[in-house]
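Q: Before we go through this model together, could you show me how to read its features one at a time, with the general idea given ahead of each case?

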Amino acid sequence: MRLRPSGLLLLTTSLAPAAVAAQAAAPAATASPVLSATARPAASLTLSLAEALKQARATSPTYRQTANDLGPARAAERAAKGALLPSLNTSGTAGYQGPGTQAFGGALFSPPGILTSSWALNAQWQVNGQRLTAVAQQRANERATEADIDQAGAALTAEITTQYLLALQLDAQEQVAREQVKRNDDFLALAKARYQVGQATLLDVRQAEVQRGTAEVALLRAAQSRNEASIELFRRIGTPPPVAVEAVALSDSFPMQEPRWTLDELLRAAEAANPQLVAFRAREAAARQQWRGARSEYTPTLGVFASIGGFTQQFTNTDAQQAGALSGGQAQAAACQRNNQINQALNLGPVVADCFAAAGLQPGGQALTDAVRTGIVSANEQFPFNFRRNPFQLTAQLSFPLFTGWARSQRIAVAHTAQLDAEERVRAQALQVRSDVNARWLAARTAWSIVAVQDRNRLAARDQLKLAQDRYRLGNGTALELADAQNAVQRAEGDYVNAVYDYHRQVALLELAIGRPLR
């Protein structure tokens, strides 16, 4: 299984340190043999905290669900801005009406079939208080979404850091268990040597063997706990381990630094940077804009509408048109002939030589000329794209809703209540932040003091073990005393490791409460 190619988890071929945490926090250890059955394989993957955090931002399912909300928030802001621009739409139609008898004005008509088509381009622009305030409202929602993402990122940082520290702590505890196995190997070898020369009993040898077996079991359990912590770390990162967890080495170390921060400066920093408090403030700003938008429903709406278009109309046959043209031509020819007779009788002017030709009729006046018939057919051929332009239309409208059944008042009341609730959430979170910072600051100082006490305890336990070893080697002490001293050292070393990483966790929680790193 491979990690995403984000350049985070660096596969290495060199051996990585197996217990980096012990460099700064765990008891000092020297190179020692370990049980072959529980020896850790050579590390093939090193993982720093920065790499883990970067990878988690790319693959953590919980964080990605929050981060994905930014896209719709930005789209909503763009839509609010777009609502202030004119809307454009275009349309086209085509139709057919078959021939038949129709009644109009009490008369019956039998028009031929008709083909029609049309197009239109419409522009509409509306503006009111709601649309004007929507831009600021959606911008506030976008900022609130960004604040939510920052809050989720801070929570993810605290989660990964805490689990990373736990894995380091259990790694250091595994080293403590390995040191205990080594001490019990030395104890068993010494007991066997003294038994061979008659200075110890077989009971001492068996005691040493039991101690060694107990230490081996403790080492196996410590290794299992460390592996489970690494598995959990990768789960929270959002990716399966790329190699066996036994071969993963955590490369970061956390130096011990005395907490010299003052409570006042921490409270001021948290007031400005606590991610949850910042997110609540952003939500309060968005609720305030929502309230303003609800009140803007009392403003009038100005609308402007413009339209241009065209149409065609074509008959499926031109018989009726030709019949009308023939009837009109015959009437025109008859009028022409009467005018000719009058002009000739009164000698008023020239006469028309051929009234039928002048009226577009063939000789005799019983049929249209070919040119007229062709013109009628040609003029009828408009479908589907020989459009005639419609007149341009422009309309402006100003409307004001007078009464909506108190619906506006209800929406304004709901929005105002939401804004007041958001203010109270901000105030409650500010109080919670002060409480958390104060508690974490005290916890970090206490944890620092406990580390100092545990450090003295482990040094005393080491001296006690050295005395017990010397006494047993010289025959003045018992195997039970030496076993008790070894167990005391293991407990003291383990308690020191726990105290160190408890301090680091308290600092990490303090950083989460403040909203920025302290180291």
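Q: Which residues touch the most other members of the largest nonpolar core?
A: A nonpolar core is a set of buried Ala, Val, Leu, Ile, Met, Phe, Trp, Tyr and Cys residues joined through side-chain atoms within 4.5 Å, where buried means under 20% relative accessible area, exposed over 50% and partly exposed in between, with a 1.4 Å probe and protein chains only. In this predicted model, the largest such core has 51 residues, and those touching the most other members are Ile160, Ile237, Leu250, Leu266, Val437 and Ile514. Helix α5 (residues 129–196) gives the most to this core, namely eleven residues. Apart from it lies another core, of 17 residues, including Phe187, Ala191, Tyr472 and Ala479. Helices (H or I, at least four residues) and strands (E, at least two) are DSSP runs, numbered from the N terminus.

Q: With which residues is Val437 in contact, leaving aside its neighbours within four places in sequence?
A: Contact means heavy atoms within 4.5 Å. With those neighbours left aside, Val437 is in contact with Leu263, Leu266, Leu267, Ala270, Leu510, Ala513 and Ile514.

Q: What should I know about numbering and confidence?
A: Residues are numbered from 1 along each chain as its sequence is written. Since this is a predicted model, local features need pLDDT of at least 70 and side-chain atom pairs count only at pLDDT 80 or more, while totals for chains, interfaces and linings use all residues, and side-chain values use heavy atoms, with hydrogens and water left out. Here pLDDT is the predictor's confidence in each residue, from 0 to 100; the protein has a mean of 87, and 91% of its residues reach 70 or more. Confidence is lowest in strand β1 (residues 10–11), at a mean of 30, and highest in helix α3 (residues 61–67), at 96. Over residues 1–38 pLDDT stays under 50, although the model has 83 contacts beyond four places in sequence for them. Where pLDDT is low, the predicted coordinates should not be read in detail.

Q: Which cysteines does the disulfide join?
A: A disulfide is a covalent bond between the sulfur atoms of two cysteines, and the criterion applied is a pair of cysteine sulfur atoms within 2.5 Å. By this rule there is one disulfide, joining Cys336 to Cys355 with S to S at 2.0 Å. The pair links distant parts of the chain, Cys336 in helix α9 and Cys355 in helix α10, 19 residues apart. The link is left-handed, with -65° about the S-S bond, and both Cys336 and Cys355 are buried.

Q: Where does the backbone call for a second look?
A: Most residues other than glycine have a negative phi, and most peptide bonds are trans. The peptide bond from Phe383 to Pro384 is cis, with omega near 5°, and Pro384 is in the loop between α11 and β9 (388–389). Trp406 has a positive phi, near 65°, and counts as exposed at 64% relative accessibility.
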